[in-house]
Amino acid sequence: MLENTININEIFTIKNIIIYFIIINLIGFFIMWLDKNKAKKGRWRIPEKTLFLITALGGGIGTILGMYVFRHKTQKLNFVIGFPFITILEIVTIIYFCIIK
């Protein structure tokens, strides 16, 4: 009889992790562009919590890149310090867990 179990090692492969980080960073870059365009047009904005959430989910490189490419949120200290801080913290955590494993 065939089992319908999911092996976690089949899901969290290096390839899938890399794909995830590429996608979340593209989303981060896109969301900064989208929020900048909405700001220019005086339309409803993307909540700051959402921008930080995308960064915290691994999209820090994309949100930081988007912040400076589109010159968006660069005057707000929360973002200028917060995005890089979260990103560095994530990188250090990943390195730490890779060394332990």
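Guide: This is a predicted model. In α4, the residues that count as buried are F79, G82, F83, I86, T87 and E90.

Visitor: What do the buried residues of α4 pack against?
Guide: They pack against α2 and α3. Contact here requires heavy atoms within 4.5 Å.

Visitor: How do you know that the length of α4 agrees with its number of residues?
Guide: α4 has 24 residues, and at 1.5 Å a residue these should span 34 Å. The expected span is 1.5 Å times one less than the number of residues. The end C-alpha atoms of α4 are 34 Å apart, so the two values agree.

Visitor: What does the same test give for α2?
Guide: The 28 residues of α2 should span 40 Å, and its end C-alpha atoms are 41 Å apart, which agrees. After α2 comes G42, with a positive phi near 70°.

Visitor: Which residues of α2 are buried, and what do they pack against?
Guide: The buried ones are I24, N25, G28, I31, M32, D35, N37 and K38. Their packing partners are α3 and α4.

Visitor: What makes a set of residues a nonpolar core, and which residues form the largest one?
Guide: The members must be buried residues of the nonpolar kinds, joined through side-chain atoms within 4.5 Å. The largest such core has 10 residues: I24, I31, M32, I46, L51, I54, M67, F70, F79 and F83. Each of α2 (14-41), α3 (48-69) and α4 (77-100) supplies at least two residues of this core. In soluble globular proteins, nonpolar side chains tend to be buried together.

Visitor: What does F79 touch, leaving out residues up to four places away in sequence?
Guide: F79 touches E48, L51, F52, M67, K73 and P84.

Visitor: Why is D35 called buried?
Guide: The cut-off for buried is under 20% relative accessible area. D35 has 0%, so D35 is buried. D35 sits in helix α2. Apart from neighbours within four places in sequence, D35 is in contact with R45, I46, L51, H72 and K73.

Visitor: What makes the pair of R45 and D35 a salt bridge?
Guide: The limit is 4 Å between a side-chain nitrogen of Lys or Arg and a carboxyl oxygen of Asp or Glu. The closest N and O atoms of R45 and D35 are 3.0 Å apart, and the pair forms a salt bridge. R45 lies in the loop between α2 and α3 and D35 in helix α2, so the pair ties together parts that are 10 residues apart in sequence.

Visitor: How many salt bridges does the structure hold?
Guide: There are three. One of them joins E48 and K73, with the closest N and O atoms 3.5 Å apart. E48 is in helix α3 and K73 in the loop between α3 and α4, so this pair ties together parts that are 25 residues apart in sequence. E48, at 30% relative accessibility, counts as partly exposed, whereas K73, at 12%, counts as buried.

Visitor: What is the distance between the closest N and O atoms of E48 and K76?
Guide: They are 2.7 Å apart, and E48 forms a salt bridge with K76. This pair links distant parts of the chain, with E48 in helix α3 and K76 in the loop between α3 and α4, 28 residues apart. K76 is at 38% relative accessibility, so K76 counts as partly exposed.

Visitor: What joins E48, K73 and K76 into one network?
Guide: Salt bridges that share partners join them.

Visitor: Which residues form the nonpolar patch on the surface?
Guide: They are I6, I8, I11, F12, I17, Y20, F21, L53, L57 and I94, with about 950 Å² of accessible area together. α1 (8-11), α2 and α3 are the elements giving two or more residues to the patch. The largest share, three residues, comes from α2.

Visitor: Why is I6 called exposed?
Guide: Exposed means over 50% relative accessible area. I6 is at 70%, so I6 counts as exposed. I6 is placed in the segment before α1.

Terms used: Residues numbered from 1 in each chain as written. Predicted model: local features only at pLDDT ≥ 70, side-chain atom pairs only at ≥ 80, totals over all residues. Heavy atoms only, no water. Buried < 20%, exposed > 50% of the residue type's maximum accessible area, 1.4 Å probe, protein only. Helix = DSSP H or I, 4+ residues; strand = E, 2+ residues; numbered from the N terminus. Patch = residues over 30% accessible without salt bridge, like charges linked within 9 Å, V, L, I, M, F, W, Y side chains within 5 Å. Areas by Shrake-Rupley, 256 points an atom, 1.4 Å probe, with all protein chains shown as cover.
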